[in-house]
Amino acid sequence: MRHEFSGRTVLPGDPRYRTLSQGFNQRWHSSPAYIRLVADEADAVAELNRALDRGLRPTVRGGGHCYEGFVDNDRGVILDLSTMRGVAAGADKFGRPTYCVEGGATNWDVYTTLFREYAVTLPAGSCYSVGAGGHICGGGFGVLSRRHGLTVDHLVQVDVVTVRGGRAAVTRANREDASGSPEQDLFWAHTGGGGGNFGVVLRYHFSIDAPEPPPRVWISSTAWPWNELINRPSDFERLLTNFGSFLAAHSGPREPVYDGLFAILKLTHHSNGNVVLFSQWDGDDPGPLDEFVASVEQGMATRSVVQTHSVAGLFLPYPEKRRQLPWFQATMTLNPSGDNQRGKYKSAYHREPFDRARIGTLWDWLTRDVSGVDLTKTLVQIDSYGCRINARRPEETAVAQRDSIMKLQYQTYWTDPAEDADHLAYLSGLYREVYRETGGVPEIDTATDGAYVNYPDVDLGTVDQPDPAYPRLYYKGNYPRLQRTKAYWDGEEVFHHAQSIRPLRA
């Protein structure tokens, strides 16, 4: 029997307070006036109105995985949705059947329930504890996205607590609302506009035609030892050239064979030990997977080995280069969120393979040591992109990057606060030099195409700076519409953070 939960207010001094005011990234914590564990729709509306009446700024916490401190809220109110974890068959406001995901559900809540009860899934992220509330409205990218598009490509409605005229109320914004209406704009804004911008997302409704997962998949993990690569920089260049060239050839929206392939190339710092290629292939015949791996290492003198230990979260814990598993078991295998630690992240969309200058910069930095700093958990992760993701027009959703072939995530992790400055400086220096020809950022509509809003990076500018880069890099030409939507639904900027959308003023 389900315990009836009516909501809880967590005050300073409560043993839960410190945990619930801190993000997954241990760099971020705050001292809010209180935290409200939201029970349901009515509680969310009442508590938001209570905060407004008291002049307290609200922020929203789902899974707590925001890479920057956007939920931090000294003396304000954190609305914590983590108890709203329902995933079930439902209906949209027009009475049409949907799959309904509450804003506090985690990726693992979504996968287990949709698979076990309805034999469907969503092409969302791999990290099990990431919350749906922020993940989906940033676009939602995952292992099945080359086959099935982004998560928001299957979205049909959002139920959002918005604030207009100083009072909170629930707005149900649907894909089929009248064209040009404020409600349709609000729906569209949640297809990539990012979390914390427009209100409190209570529920996401997805099409009843959500994709079926493959019965089985092949997963493989191949590694190249740094102690051999370090003496063969040409092999490093060949590896990156091959990987990028393969994706350039096989990432179109009508790709006939390799839309069922997902691959991650993890370029670790040399102190980690290995550069690793992880792949998932959803066909029964492993031949295309083998051909892909062979094409990636073609021409390399460094011999690959089987990777059987974790490299920043992904590994194949078997003594084979590849293994076939039921899809659900494979999803469990690939379901890390990593250790609780401090971290910094940057991102980039790439539309073209790497040129020699970028490869050389990556080599220089990944083979560089910093005295007294442990860089074994520092890496550049290169994810395969494209295929069905690129079947949409840039303006069709708020995610404007619809012709990229790779998505890069720059990451570094540590535990000692005394190392903050060193890790931040290293990652910022690496990133700036990789994109030095375009001003130190992955400029849009070039060989690159901006950055991913779900991997926020305040080095791209903040809302209080003149002409910050993040609106252009996250949203491209979709930013003015997002601004107009913000002006209508939250013109007073009740919901704001360091990189929030600014309303378009008349």
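This is a predicted model: local features need pLDDT of at least 70, side-chain atom pairs count only at pLDDT 80 or more; totals for chains, interfaces and linings use all residues.
Setting aside neighbours within four places in sequence, I found Phe292 in contact with Phe243, Phe246, Tyr258, Leu261, Ala263, Leu277 and Ser279.

Next I asked which core Phe292 belongs to, and found it in the largest nonpolar core, a set of 101 residues. Phe292 is listed there with Phe243, Leu265 and Leu267 as the residues with the most contacts inside that core.

I then looked for another core.

Stepping back to the whole chain, I counted 14 helices and 17 strands. How much of the chain is buried? I get 59% of the 506 residues.

I also checked how contacts run along the sequence. Taking contacts between residues at least 6 apart, I see that 71% join residues at least 24 apart.

For overall form, I compared the radius of gyration with the globule rule. A compact globule of 506 residues would come out near 23 Å, and the chain has 22 Å, so the two agree. The C-alpha trace spans about 65 × 50 × 50 Å along its principal axes.

The accessible surface comes to about 19,500 Å², with 49% of it belonging to carbon and sulfur atoms. I noted 53 positive and 61 negative side chains in the chain. The centres of these two sets lie 2 Å apart.

Notes: Residues are numbered from 1 along each chain as its sequence is written. Side-chain values use heavy atoms; hydrogens and water are left out. Helices (H or I, at least four residues) and strands (E, at least two) are DSSP runs, numbered from the N terminus. The radius of gyration is taken over C-alpha atoms; the globule rule is 2.2 Å times the number of residues to the power 0.38. Buried means under 20% relative accessible area, exposed over 50%, partly exposed in between (1.4 Å probe, protein chains only). Contact means heavy atoms within 4.5 Å. Accessible areas come from the Shrake-Rupley method with a 1.4 Å probe; for residues, only the protein chains shown count as cover. Lys and Arg count as positive and Asp and Glu as negative; His and the chain ends are not counted. The place of a charge is taken as NZ of Lys, CZ of Arg, CG of Asp or CD of Glu. A nonpolar core is a set of buried Ala, Val, Leu, Ile, Met, Phe, Trp, Tyr and Cys residues joined through side-chain atoms within 4.5 Å.
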